[in-house]
Amino acid sequence: MTIVKQISLFDIQELLDLESSRRFDAIFSTFDVQPIFQLFSKKTLRGAPRECNYGAMIQSLIIRIVERIPTVKDLVKRLVNAPLFRLDCGFLVSDSVPSEASYSRMIRVISESDVMDTMQDELIQTAFIEGFLCDEHLGFDATHFEARDASKPSEKKEAAPPKKRGRKSKEEHAAWLTEQAEIEANLTTYEKKLEAQLTIPANILWRDIPIEPNWGIKKNSEGKNTFWYGFKGHLAVSTKSQYIVARLMSSGNLSDSKAAIPLLKKVAELVPNHFTTAIFDAGYDYEPIYRQALSQTMRAVIPYNVRREGEIIGLDQHFRPTCVREHSYCYDSFDEKYRTLKFTRPKECETCPLREDSLCQKVFKIKCETDIRKYTYPARGSELWKKLYKERTAVERVNAYLKQFFQLNNIRHRTGRKAKLHFNLVTFIYNACKLAVDRINAQLQALSEAA
């Protein structure tokens, strides 16, 4: 009997356990730091030369995340005390170690630009071109992390005067309508209703998202409310390869659902017509999100979230028709051309005395446009729907990786703009490590096939 030895997959943990020089080389080979370096290049040849080695400083800032060095102060201390580490970061023997103030000025300049967004997009497209981002399903979720800033005391609101009871006069009603129109016109992009995002371009949605720290609230596993002062990170993760295809940081008080459409539009810009399924949890169950997914020819797999709705007679919990004796019809197939779900007679009808009665219908065909929240493809309650929804756990694993291994929780800067840089840097380094691991696995696979 022949024994086939399978090669174990090389993962991110093994990458982080490699010798430092090999580990850094593998990560830096996945991207080019020139876009960041250009922010510090001199416009003219005149004047004094640059005193700092900005290329090495940028690399050391990235290595700080990989090596889990908690602060810039500790990074400077290690650069002073470890000559080999200083060389691994790219510093020359003749270079002096930059001060904390130099790093602070560099971080401020990078945070004021969009260079990390450009580099992130290029990295994702590289993984797609090289064939490592080949899966077609995306998982969406949000994770919270606290700010370095101190929370602001809440402002005391004056008690509103009691409202006048009874119907308004015509003059009062006209004045009220004018007031409401002015309020609606002055709303920011993310204060408007969710359906307004469908017609707003992606670049405006990304530009206008609030990033200043604020109070957030969510329910824990025990159903109790937990509060934090800080931010939310919204991720769109490929479920098999686990790349962060799109990411967005917002204030802690922004609803998760309001970041779904910007992420979907970003995915459509990066890799158009590639992903086929968008998987969300019940907090994203809003009709505009279904509309946006359909406009990108994607299936939306979202658990139904009941909102002040009474019992629907003639349908079960998955909105499948039921017979007279309340047995659920079986999902049979989906007609792509007419976007229609087909349900056939339940098995219990084979022995039912009412099977020949006119009240017992053999087949139901329901168009998805009847209610795109209730009637989705794959149909709710089907095996395919359950199988796809299980893949959403990929984004939760990535959230855990970012917090445990890439210091997402360790924000050392104040203000939302610098916190956004930290978030973008963490997600970018995660993708770079993932691409480095995939390349090493591809090389090992090629060597095994050659042998």
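Visitor: Which residues is Ile289 in contact with, leaving aside its neighbours within four places in sequence?

Guide: This is a predicted model. In it, Ile289 is in contact with Leu194, Ser257, Ala260, Ile261, Leu264, Phe280, Tyr284 and Ile302.

Visitor: What makes Ile289 stand out in the largest nonpolar core?

Guide: That core has 102 residues. Ile289 is listed with Phe31, Tyr103, Met106, Phe280 and Ile429 as touching the most other members. Helix H15 (residues 416–450) gives the largest share of this core, 14 residues. Apart from it lies another core, of 13 residues, including Phe319, Phe334, Phe343 and Ile366.

Visitor: Which residues of helix H12 are called buried?

Guide: Helix H12 spans residues 287–295, and its buried residues are Pro288, Ile289, Tyr290, Gln292 and Ala293. The word buried calls for under 20% relative accessible area.

Visitor: What covers the buried residues of H12?

Guide: The cover includes helix H11 (260–270) and strand E6 (299–301). After H12 comes Thr297, with a positive phi near 55°.

Visitor: Why is Val93 called exposed?

Guide: Its relative accessible area is 76%. Exposed means over 50%. Val93 is above that cut-off, so the word exposed applies. Val93 sits in the loop between helix H6 (83–88) and helix H7 (100–111).

Visitor: What makes the nonpolar surface patch that includes Val93?

Guide: Leu84, Leu87 and Val93 make it, and the patch is about 360 Å². A patch residue needs over 30% relative accessible area. Val93, at 76%, therefore passes that cut-off.

Conventions
Residues are numbered from 1 along each chain as its sequence is written. This is a predicted model: local features need pLDDT of at least 70, side-chain atom pairs count only at pLDDT 80 or more; totals for chains, interfaces and linings use all residues. Side-chain values use heavy atoms; hydrogens and water are left out. Patches are made of residues with over 30% relative accessible area and no salt bridge: like charges are joined within 9 Å, nonpolar side chains (Val, Leu, Ile, Met, Phe, Trp, Tyr) within 5 Å. Accessible areas come from the Shrake-Rupley method with a 1.4 Å probe; for residues, only the protein chains shown count as cover. A salt bridge is a side-chain nitrogen of Lys or Arg within 4 Å of a carboxyl oxygen of Asp or Glu. Helices (H or I, at least four residues) and strands (E, at least two) are DSSP runs, numbered from the N terminus. Buried means under 20% relative accessible area, exposed over 50%, partly exposed in between (1.4 Å probe, protein chains only). A nonpolar core is a set of buried Ala, Val, Leu, Ile, Met, Phe, Trp, Tyr and Cys residues joined through side-chain atoms within 4.5 Å. Contact means heavy atoms within 4.5 Å.
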